[in-house]
Amino acid sequence: MIKPIFITATLLASSLAFSAQNYVVDPQLTDYRGNQGKSDVWISHEDSDGGLGDVGSSGDTAFDAQGSSRIRFKEKVAINDFTAKPGLSQVITGLPANTDMTFSLYYCDKKGPASPSTLYYGVREAVEGASLTGKVIAENRVHTRDLDAAPKGEKKACFRQVNVDFNSGAGAVEIFSLMEVYVGDADKPDMTKDIEVRIDEFSVTAK
Ligand SMILES: [Ca+2]
Ligand SMILES: [Ca+2]
């Protein structure tokens, strides 16, 4: 009678190994796209008319069905504040406590090696009702020029995977993914068109 139980346990262990639980809700931004960027889980950090950047849904996708988020400064806005960091975040509760985990997403910037955009992403402690105010647990910055060898999206190869490790602490965190723009000595970057990037395919899993 012992043998069948052993086989069942082995099958369970192997199926778990192939699909680690992803704690992000609407991780592929499919619902976000379906609802034109309105979401109960994704928090947009934007104020385009106020010059703080625009966040919205896009039909582009890294994998599977349509949906990603487009972050941009619009060329038509009279005065853009390039110190603003527009983007998305999501509060995630119910993580296993004090566990080493990985946060990853796919980032697309078609502007090439000289792009003024940098992706600033990471994990903060969650503070109820006060998005992006918690203590930073882990953070990273990446430029598209550094992602030639990174895993690519299947539908749009412009999407490249980035990640950062963190410890879940008490089990409630806020993941964030924001665009920073480098202006340098100029008043503003080259604005012959919108400065835009896309983000998609989010994942938070135990290591
Ligand atoms: Ca997607
Ligand atoms: Ca918007």
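Which residue in S8 is the bridge partner of Phe103? Keep that in mind while we walk through the model.

**Before you click**

This is a predicted model, where local features need pLDDT of at least 70, side-chain atom pairs count only at pLDDT 80 or more, and totals for chains, interfaces and linings use all residues. Residues are numbered from 1 along each chain as its sequence is written, while chains are lettered from A and ligands numbered from 1 in the order in which they are written.

**The whole protein**

Start zoomed out. The C-alpha atoms fill a box of roughly 75 × 35 × 30 Å along the principal axes. Colour by secondary structure and you get 2 helices and 10 strands; these are DSSP runs numbered from the N terminus, with helices (H or I) of at least four residues and strands (E) of at least two. From the N terminus on, the order is α-α-β-β-β-β-β-β-β-β-β-β.

**Two loop stops**

Select Asp26, in the loop between helix H1 (2-18) and helix H2 (30-34). Its phi is near 50°, a positive value in a residue other than glycine. Most residues other than glycine have a negative phi. Asp26 counts as partly exposed because it has 18 C-beta neighbours inside 10 Å. (Buried means 20 or more other C-beta atoms within 10 Å of the residue's own, exposed means 12 or fewer, and partly exposed is in between; C-beta atoms are placed from the backbone.)

Now hop to Gln36, in the loop between H2 and strand S1 (43-45). Here phi is near 55°, again positive in a non-glycine residue. With 9 C-beta neighbours inside 10 Å, Gln36 counts as exposed.

**Into the core**

Next, select Ile92, Leu105, Tyr107, Ile175, Val197, Ile199 and Val204, the residues with the most contacts inside the largest nonpolar core, which has 37 residues. Strands supplying at least two residues each include S3 (68-73), S4 (87-92) and S9 (173-181). Such a core is a set of buried Ala, Val, Leu, Ile, Met, Phe, Trp, Tyr and Cys residues joined through C-beta atoms within 7 Å.

Centre on Ile175: leaving out residues up to four places away in sequence, it touches Ser89, Gln90, Ile92, Phe103, Val123, Phe202 and Val204. Contact here means C-beta atoms, placed from the backbone, within 7 Å.

**Last stop: strand S5**

Highlight S5, where 7 of the 9 residues are buried. S5 pairs with S8 in the antiparallel sense over 8 bridges; pairing needs at least two DSSP bridges between the strands. And there's our opening answer: Phe103 has Val164 in S8 as its bridge partner. S5 also pairs with S10, again antiparallel, over 7 bridges, and Thr102 has Thr205 in S10 as its bridge partner.

Methods. Contact = placed C-beta atoms within 7 Å.
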